[in-house]
Amino acid sequence: MAAKAPKRENPVARTANTKLDTRAARARLKTRAKPYNLTIAPKRMLGHIRAALGAGRWLALVEIGRGLSGAALRRQGVLGLADDLVPADGEGILSFSQALAAAALWQPEDGPRSSKIKVREAITSHLRAKRASDGDTAAADKLRAARERPRTASLRTSRPR
């Protein structure tokens, strides 16, 4: 009878830890469309796609939430080519350390905000969009109506019969 594998204390908390830091390590990876990932922070990974021909690509992956099934919802963006064939130039061709720094800073366009949005910021953003679509007078009318609206609801003192 084969021995059972020991249970993990927290089976959900796993990290991606593919060795990507050297050209030799990346050269040993199999070619595939799915990226090899390295967790760099909670909900943030650096990915590498090994190409059949040419240099691989660096990706940034960010978890933006959970789906109905509980699976992670992620967004990814291409950071640049890996320095697998030619030396890194810091712009289009990135070394591991450059890709790591870029992945730490990358934010998806539709991802979570770094902080909560304030009401004033939401109103300002809305008014900018209103001015762009309908013109300045429509935005001014909307702002005037918002300022004239009473802050508290009126309370009834008697019951309707």
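**Note on salt bridges and the sheet**

1. Glutamate 63 counts as buried, at 11% relative accessibility; here buried means under 20% relative accessible area, exposed means over 50%, and partly exposed lies in between (1.4 Å probe, protein chains only). Its salt-bridge partner is arginine 66, with the closest N and O atoms 3.3 Å apart. A salt bridge is a side-chain nitrogen of Lys or Arg within 4 Å of a carboxyl oxygen of Asp or Glu.

2. The model is predicted, so local features need pLDDT of at least 70 and side-chain atom pairs count only at pLDDT 80 or more, while totals for chains, interfaces and linings use all residues. Residues are numbered from 1 along each chain as its sequence is written, and side-chain values use heavy atoms, with hydrogens and water left out.

3. The structure holds five salt bridges. One of them joins the side chains of lysine 19 and aspartate 21, at 3.0 Å from N to O. Lysine 19 is partly exposed, with a relative accessible area of 48%, and aspartate 21 is also partly exposed, at 36%.

4. Arginine 26 and aspartate 84 form another salt bridge, their closest N and O atoms being 2.8 Å apart. This pair links distant parts of the chain, 58 residues apart: arginine 26 lies in helix H1 (residues 23–27), and aspartate 84 in the loop between strand S4 (72–82) and strand S5 (93–94). Helices (H or I, at least four residues) and strands (E, at least two) are DSSP runs, numbered from the N terminus. Arginine 26 is buried at 2% relative accessibility, whereas aspartate 84 is partly exposed at 21%. A network of salt bridges links Arg23, Arg26, Asp83 and Asp84.

5. Five strands make up an open sheet with mixed pairing, in the order S1-S2-S3-S4-S5. The edge strands, S1 (36–41) and S5, each pair on one side only. Two strands pair if DSSP finds at least two bridges between them. In general, strands of a sheet pair through backbone hydrogen bonds, either parallel or antiparallel.

6. How do S4 and S5 pair, and over how many bridges? They pair in the parallel sense, over two bridges. Leucine 94 in S5 is the bridge partner of alanine 82. Helix H2 (residues 96–105) packs on the sheet and touches S1, S2 (44–49), S3 (57–66), S4 and S5, where contact means heavy atoms within 4.5 Å. The direction of H2 makes about 135 degrees with that of S2; axes are lines fitted to C-alpha atoms, for helices over the stretch in contact, and angles run from 0 to 180 degrees between N-to-C directions.
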